Amino acid sequence: MSSAPPPPILRPQPRSCISSFSSPRRTHPSPRARPCRLAAAREMPWPHVLTVAGSDSGGGAGIQADVKACAALGAYCSTVISAVTAQNTAGVLGVHLVPEEFIREQLNSVLSDMSVDVVKTGMLPSAGIIQILCESLRKFPVKALVVDPVMVSTSGDSLSDPSTLTNYRDELFAMADIVTPNVKEASQLLGGVSLHTVSDMRDAAASIYKFGPRCVLVKGGDMPDSSEAIDVFYDGKEFVELRGHRIKTRNTHGTGCTLASSIAAELAKGSTMLNAVQVAKNFVESALHHSKGLIIGNGPQGPFDHLFRLKCPPYNIGSQQRFNPDSLFLYAVTDSRMNKKWGHSIKDAVKAAIEGGATIVQLREKDAESREFLEAAKACMEICKSSGVPLLINDRVDIALACNADGVHVGQSDISAREVRELLGPGKIIGVSCKTPAQAEQAWNDGADYIGCGGVFPTTTKANNPTLGFEGLKTVCSASKLPVVAIGGINATNASSVMELGLPNLKGVAVVSALFDRECVMTETRNLRSILTNALCSI
């Protein structure tokens with residue numbers, strides 16, 4: 001039976017994530033507050049990154065990498081070219097510096113007109129260029145500044161005058177929200193100190209932090225003895241080790257530029273700093289993985305494919321949206337026994353839940369045979385796809401692959417999120433059930449997109465499931481760097497009390513029996529959706 005589309009989710013506007021970057025160490029006026037623009041200025045209709053960097057004639061790094069990375073992540077990218085290089089996969093053959101006053105003119109032309117959200121810097125080959133950039137940022141403040149202190153190319157060629165070190169440390173770093181040196185650049189910034197271990201990287205991050213940036217990311221991709229790609233993030237309070245797979249490929253040209261511009265794109269979209277770094281790292285790792293067989297040029301270091309998603313069927317234009325945490329708002333989890341009890345097929349139950357306003361669906365069918373489950377999953381995928389609602393499969397990666405589901409949800413006894421990611425590839429949604437802060441931290445390290453936390457209330461749908469209560473939910477939410485969906489015993493009588501906790505990263509509730517152990521799934525879903533929306537509006 002057809003029905004009117006469910007009402008949109010009403011969510012209070014979040015505070016700007018940039019404000020959380022503030023640091024009491026600053027003594028100069030912060031350039032973050034955006035002044036009134038010229039009367040002719042128009043706000044950009046999408047997130048806007050301005051990159052100030054050199055042009056790479058080979059197209060793998062510099063300005064070219066920045067534009068491609070921002071485009072791949074959904075941000076507009078304008079450019080100020082600081083130098084023109086002659087380079088290819090063999091290395092840098094020549095560098096022509098753009099006159100400093102013309103760089104000032106480029107900066108003024110973009111910043112005065114185009115409402116830039118984030119500035120990202122790459123190759124700044126002279127002290128004068130750094131000074132002009134700082135002057136421009138004071139005149140035209142932006143939300144955030146990402147500084148990639150490019151001094152040496154991936155192939156080892158020098159791209160910056162040694163005198164720029166002082167200007168980086170004394171001027172630009174003090175204005176930066178994050179600085180992203182690799183281990184070689186970190187060593188240069190600190191006078192040639194040797195960096196061989198993660199402990200050395202931590203020390204380097206702490207030392208660079210003293211120059212004034214709000215956050216530091218020391219990239220360990222060049223660490224020769226590490227089996228993982230380990231980066232160290234430091235915000236002045238805590239160190240976070242971001243671990244990823246070390247992809248064996250010659251196509252690594254432009255990884256540093258891409259990582260920094262990806263961070264800038266995510267910040268421009270409103271992400272918090274640490275989440276922006278994690279998304280950027282995952283993006284680079286995925287791009288490297290999908291570019292392993294790419295052959296361009298005869299040199300030792302080739303470019304990689306920033307737009308790999310366009311070539312993979314799950315990422316064809318219009319076929320799949322990127323994960324939106326708000327889709328966790330009303331998370332419907334099916335149950336085969338309840339469906340049988342009420343005479344509902346999996347397909348009919350999912351259709352009814354979506355018509356009632358479910359924002360994401362998980363198929364949890366423990367009793368169904370694999371062939372039967374796959375056919376049902378394919379049918380449900382068609383329904384979800386036509387409605388724009390993500391479909392996840394509980395535990396069964398094989399079923400998810402076979403029906404091209406939007407993702408998989410796993411528990412603590414299943415394979416890890418990292419292993420699921422290897423099987424599904426980038427971009428798919430991965431959720432993990434977590435009961436403790438340690439489990440939430442591990443899920444984030446493994447590259448999960450969200451966690452499910454519970455049981456919040458006693459439940460009979462899952463055996464041996466301890467009840468966490470509100471305090472347990474609050475503890476896990478406070479520790480989680482990922483969006484959280486609450487689960488366990490949630491129904492129409494208590495759902496509002498969960499949402500009214502007002503936890504910043506608690507995005508919704510997951511329900512099983514409150515929807516599917518009922519005669520009319522659509523009516524129960526619509527009722528619960530209304531309750532949740534009213535609760536959210538009351539916060």
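This note goes through the fold of the protein chain in numbered points, from the whole chain down to two single residues.

1. Basis of the model. The structure is a predicted model, in which local features need pLDDT of at least 70 and side-chain atom pairs count only at pLDDT 80 or more, whereas totals for chains, interfaces and linings use all residues. Residues are numbered from 1 along each chain as its sequence is written, and side-chain values use heavy atoms, with hydrogens and water left out.

2. The chain as a whole. The protein chain contains 18 helices and 17 strands, where helices (H or I, at least four residues) and strands (E, at least two) are DSSP runs numbered from the N terminus. Of its 539 residues, 55% count as buried; buried means under 20% relative accessible area, exposed over 50%, and partly exposed in between, with a 1.4 Å probe and protein chains only. The chain exposes about 22,900 Å², and carbon and sulfur atoms supply 54% of that area, as computed by the Shrake-Rupley method with a 1.4 Å probe, where for residues only the protein chains shown count as cover. Among contacts (heavy atoms within 4.5 Å) between residues at least 6 apart in sequence, 70% join residues at least 24 apart.

3. The barrel. Eight strands, in the order S10-S11-S12-S13-S14-S15-S16-S17, close into a barrel with parallel pairing; two strands pair if DSSP finds at least two bridges between them. Neighbouring strands of this sheet are turned by 25° against each other on average, direction ignored. Strand S10 (residues 330-333) is joined to strand S17 (residues 506-511) by three bridges, and Leu330 has Val509 as its bridge partner in S17. Helix H14 (residues 437-445) packs on the sheet, where it touches strand S14 (429-434) and strand S15 (450-453), and its direction makes about 165° with that of S14. Such angles run from 0 to 180 degrees between N-to-C directions, with axes that are lines fitted to C-alpha atoms, for helices over the stretch in contact.

4. Strand S1 and its partners. In strand S1 (residues 48-56), nine of nine residues are buried. Nine bridges join S1 to strand S2 (residues 76-88) in the parallel sense, and Gly54 has Ala83 as its bridge partner in S2. Between S1 and S2 the chain passes through helix H1 (residues 62-72), and this β-α-β crossover is right-handed, a term for a path from the first strand over the helix to the second that runs clockwise with the strands pointing away from the viewer. S1 also pairs in parallel with strand S4 (residues 118-123) over four bridges, with Val49 standing opposite Val118.

5. Ser55. This residue lies in strand S1 and counts as buried because its relative accessibility is 14%. Leaving aside neighbours within four places in sequence, Ser55 is in contact with several residues, including Ile63, Ile81 and Ala83. Ser55 and Thr79 are 24 residues apart in sequence, and their C-alpha atoms are 9.9 Å apart in space.

6. Helix H8 and Met381. Helix H8 (residues 273-290) has 14 of its 18 residues buried, so it is largely enclosed by the rest of the structure. Met381, placed in helix H11 (residues 370-387), is buried with a relative accessible area of 9%. Not counting residues up to four places away in sequence, Met381 touches Leu391, Cys403, Asn404, Ala405 and Asp406.
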